[in-house]
Amino acid sequence: MANNTFFMIDLIPAINLSSLEKDPAIYVKIGQGIVIPIICFIGIICNSLTIIVLSGGQLKQSCYSYLFALAIADLLSLLLFGINGIGRGHYPGRYGWVVFERFVYFPCGFATTTASIILTVAVTVERFIYLYYPHRAKRYCTRKLARRI
């Protein structure tokens, strides 16, 4: 019975860590080539579902316009990050991926990330106006203004 409480300690020596100690670049391959694309794939699915729900047309308040745009910006960020992770993990240093990274990933990734930040701040400001200035919210928190931003 006492051995059952320490079953994890018995399994640790069975893991072969010698290949990881010899080639630490395997961590980069596993992290960027496998883990990042899996996380991005899950995020892409969730953002796609969010876009489907918010594009239904039943949610007419201005906050949902911000959330719709935020889901699109995050979806594009995840697509770029996932593609870049696959390239860095499986084909590090190849010319095509370096060109993609410099001319597509960095400019578009920064643009979508900045858009995501701006939209998050816009939602926060709108919520602040709703809470502290409810009479002005009808004037400033409109769907038309949200679509302009």
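Cysteine 46 has a relative accessibility of 44%, so it counts as partly exposed. Cysteine 108, at a relative accessible area of 37%, is partly exposed too. The burial classes are simple: buried is under 20% relative accessible area, exposed is over 50%, and partly exposed lies in between, with a 1.4 Å probe and protein chains only. A search of the whole structure returns 0 disulfides, where a disulfide is a pair of cysteine sulfur atoms within 2.5 Å.

The model is predicted: local features need pLDDT of at least 70, side-chain atom pairs count only at pLDDT 80 or more, and totals for chains, interfaces and linings use all residues. Residues are numbered from 1 along each chain as its sequence is written, and side-chain values use heavy atoms, with hydrogens and water left out.

Now the overall fold. The protein has 8 helices and 0 strands. Read from the N terminus, the order is α-α-α-α-α-α-α-α. These elements are DSSP runs numbered from the N terminus: helices are H or I with at least four residues, strands are E with at least two. Of the contacts with a separation of 6 or more, 73% join residues 24 or more positions apart. Contact means heavy atoms within 4.5 Å. The protein has 149 residues, and 26% of them are buried.

The largest nonpolar core holds 7 residues: Cys63, Tyr66, Leu70, Leu119, Ala122, Val123 and Ala146. Helix H5 (62-90) and H6 are the elements that give two or more residues to this core. Such a core is a set of buried Ala, Val, Leu, Ile, Met, Phe, Trp, Tyr and Cys residues joined through side-chain atoms within 4.5 Å. Leaving out residues up to four places away in sequence, alanine 122 touches Tyr66 and Ile149.

Glutamate 126 sits in helix H6 (residues 95-132). Its relative accessible area is 3%, so it is buried. Neighbours within four places aside, glutamate 126 contacts Ser62, Cys63, Tyr66 and Cys141.

Arginine 127 is partly exposed because its relative accessible area is 39%. The rule for a salt bridge is a side-chain nitrogen of Lys or Arg within 4 Å of a carboxyl oxygen of Asp or Glu. By that rule the count is 2.

The other pair is arginine 88 with glutamate 101, at 2.6 Å from N to O. Arginine 88 lies in helix H5 and glutamate 101 in helix H6, so this pair ties together parts 13 residues apart in sequence. Arginine 88 is partly exposed at 37% relative accessibility. Glutamate 101 is buried, with a relative accessible area of 12%.

Finally, the surface. The accessible surface of the protein is about 10,900 Å², and carbon and sulfur atoms account for 69% of it. Areas come from the Shrake-Rupley method with a 1.4 Å probe; for residues, only the protein chains shown count as cover.

One nonpolar patch on that surface is formed by Ile30, Ile34, Val35, Ile38, Ile39, Phe41, Ile42, Ile45, Leu49 and Ile52, with about 940 Å² of accessible area together. Patch residues have over 30% relative accessible area and no salt bridge; like charges are joined within 9 Å, nonpolar side chains (Val, Leu, Ile, Met, Phe, Trp, Tyr) within 5 Å. Isoleucine 30 belongs to helix H4 (residues 25-54). Its relative accessibility is 38%, so isoleucine 30 counts as partly exposed.
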